[in-house]
Amino acid sequence: MKDRRENWSSNFGFILAATGSAIGLGNLWKFPFITWKNDGGAFVLIYLICIIAVGLPIMMAELLVGRKTQKSAVGALREAIGPAWGWVGTWGVMAGFVILSYYAVVAGWSLFYLFQTLNWSFFGFPTQANMGGLFAGLAANGLLQTTLSGTFMLLTVAVVFFGVHGGIERTARLCLPALFVIMLLLLFSALSMEGSGEALNFIFRPNFSELDTAAILEALGHAFFTLSLGMGTMIVYGSYVARERSLVNAAGSIVILDTVIALIATIIMFSVIFTVPGMPEQVDGSSVGMLFISLPQLFYEVVPFGVVLAPAFYLLVALAALTSTISLLEVVVSYFIDQRKMERSRATLLSGACIYIFTFLSGLSFGAFPWLSNFELFDGKAGFFATMDHFASNWALPLGGLLITLGVGWFMPSSDTEAELVGSGSPGWFSHKAWLFAVRFIAPAAVAAILIAVIFFGKDFS
Ligand code: PHE
């Protein structure tokens, strides 16, 4: 079976696909918003430390489990660590299912704003624009919500249908370079704006008096989400990597690219916001606010070349979301292919359809259907969408990540992990001992801290 497994066509293709999974709404939607909410500087520094001390070692751990076994999450953990660890893989598959179901809703909004901005760019931006009203209208329109998220699910299914090489890698090769180019154009435009100095200050000048413990834990939780860790995505992507490639280099590149893009996105958004007088006060606590309410208008009113950059930006959001949704679907599909011996085509259609049932419910939970919008399972998290997001970010990913790092660190022979990480060549800065220390002690302690905080103090990291 091993020789029949599909592989990435090149190391570059693999790095693009995995980076595509990492870069997504987490970078463009969540990170700028939580940086804003936590007053920048010190929070960004803590986030960077979490990425390096926890994210990078776990990224390597997941990739090596996949590459060693050439299997998807469940089979890989079972074979590499032990039979009981298959359950951790199953937990991951379920997390992928849940995350994709609600992620597709926000991804659908990016399509809406892509069409909307194209329309404005060609036919003019309305003088009396009411962006809050526009978004509220979209949110409460059940038919529109379910159509947009359904369209996004169809796109995702279409890519995964064509497999690792013909679907996922090809899409990443097209989307990621486009994403980088659009991002750079936007960055240049943003840096030329008046508010950019203040934005850079806000993001990079740490002020520790602003930082509370909740922010530290939020930074850690987000490190998992943004790097696609804790649910087996990187195990599955690692399982398509050929034996002779260095995983350490790959993990390093993915982590650096993901972080750079998150920072650039934040610089772009904050430069725009700081340029408009009164805007910083208006950007309130709502995470949707920044991306879908403040920005569209600002593109047409303050950003140089905004008519071109606005649709380009929402195209970027959609592409970034797509390379993430395909990785989420692939975790579920590869489970059916490897564990249930299903054909890829059947597995993809079946998983896509089942996940869409949940997407449908999430799409209706922004006001279209009162009960779905209002019920509260977790305190303060009203509605189906918020419940799913809370469950995935607060429970599923940290718990999965904790079990994976404990399993790889303590229950896998260190000769095995060394062979995977160092055997195929590793860069000079890498030390297997330091990695093992991070995976055994630092990462579990940090993740345990999140879970304890969630359980005992009810902290919210979604
Ligand atoms: N990393 C993606 C993002 O930042 C989300 C994601 C999480 C994708 C988990 C796959 C697995 O948007």
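## Aromatic pairs

Tyr 237 has a relative accessible area of 0% and is therefore buried (under 20% relative accessible area; exposed is over 50%, partly exposed in between; 1.4 Å probe, protein chains only). The model is a predicted one: local features need pLDDT of at least 70, side-chain atom pairs count only at pLDDT 80 or more, and totals for chains, interfaces and linings use all residues. Residues are numbered from 1 along each chain as its sequence is written, and side-chain values use heavy atoms, with hydrogens and water left out.

The whole structure contains 38 aromatic pairs (rings of Phe, Tyr and Trp, the last by its six-membered ring, with centres within 6.5 Å; planes under 30 degrees apart are stacked, over 60 edge-to-face, the rest tilted). One of them joins Trp 8 and Tyr 237: the ring centres are 5.1 Å apart and the planes stand at 70 degrees, so this pair is edge-to-face. It links distant parts of the chain. Trp 8 sits in the segment before α1 (11-22), Tyr 237 in helix α11 (residues 233-238), and 229 residues separate them (helices are DSSP runs of H or I, at least four residues, and strands are runs of E, at least two, numbered from the N terminus). Trp 8 has 4% relative accessibility, so it counts as buried.

## A second pair and its cluster

Trp 109 and Phe 292 also pair. Their ring centres are 5.8 Å apart with planes at 90 degrees, so the geometry is edge-to-face. Trp 109 belongs to helix α5 (residues 86-123) and Phe 292 to helix α14 (residues 287-301), 183 residues apart. Both residues are buried.

These two rings are part of one aromatic cluster. Among its other members are Tyr 102, Phe 112, Tyr 113, Phe 135 and Phe 299.

## Ligand surroundings

Ala 22, Leu 25, Gly 26, Tyr 103 and Phe 225 come nearest. Tyr 103 places an N or O atom of its side chain 2.4 Å from a ligand oxygen (a polar contact is a pair of N or O atoms within 3.5 Å; within protein, one must be able to donate a hydrogen and the other to accept it, and residues adjacent in sequence count only if both atoms are side-chain atoms). Ser 228 has a polar side-chain atom 3.1 Å from a ligand nitrogen. A polar backbone atom of Ser 21 is 3.2 Å from a nitrogen atom of the ligand. Taken alone, the ligand exposes 320 Å², and the protein buries 100% of that (Shrake-Rupley method, 1.4 Å probe; for residues, only the protein chains shown count as cover).

Ser 21 lies in helix α1. With 4% relative accessibility, Ser 21 counts as buried. Its side chain makes a polar contact of 2.8 Å with the side chain of Ser 327.

## Salt bridges

There are nine salt bridges in the structure (a side-chain nitrogen of Lys or Arg within 4 Å of a carboxyl oxygen of Asp or Glu). Lys 30 bridges to Asp 389, with the closest N and O atoms 3.7 Å apart. Lys 30 is in helix α2 and Asp 389 in helix α18, 359 residues apart. Both are buried.

Helix α2 also holds Lys 37, while Glu 218 lies in helix α10 (residues 213-226), so their pair ties together parts that are 181 residues apart in sequence. The N to O distance is 3.2 Å. Glu 218 is buried, at 5% relative accessible area. Lys 37 is partly exposed, at 42% relative accessibility. Lys 71 and Glu 79 meet at 2.3 Å, N to O. Lys 71 is partly exposed at 25%, and Glu 79 is partly exposed at 42%. Arg 67, Arg 243 and Glu 420 are linked in a network of salt bridges.

Asn 38 is in the loop between α2 (25-37) and α3 (41-69). At 11% relative accessibility, Asn 38 counts as buried. A polar atom of its side chain is 2.9 Å from the backbone oxygen of Ile 34.

## Nonpolar surface patch

Trp 410, Phe 411, Phe 437, Phe 441 and Ile 442 form a nonpolar patch on the surface (residues with over 30% relative accessible area and no salt bridge; like charges are joined within 9 Å, nonpolar side chains, namely Val, Leu, Ile, Met, Phe, Trp and Tyr, within 5 Å). Together they have about 520 Å² of accessible area. Helices α18 (384-411) and α20 (432-457) each supply at least two of the residues. α20 gives the most, with three. Ile 442 is in α20 and is partly exposed, at 35% relative accessibility.

Definitions and conventions: A residue is near a molecule or strand if one of its heavy atoms lies within 4 Å of it.
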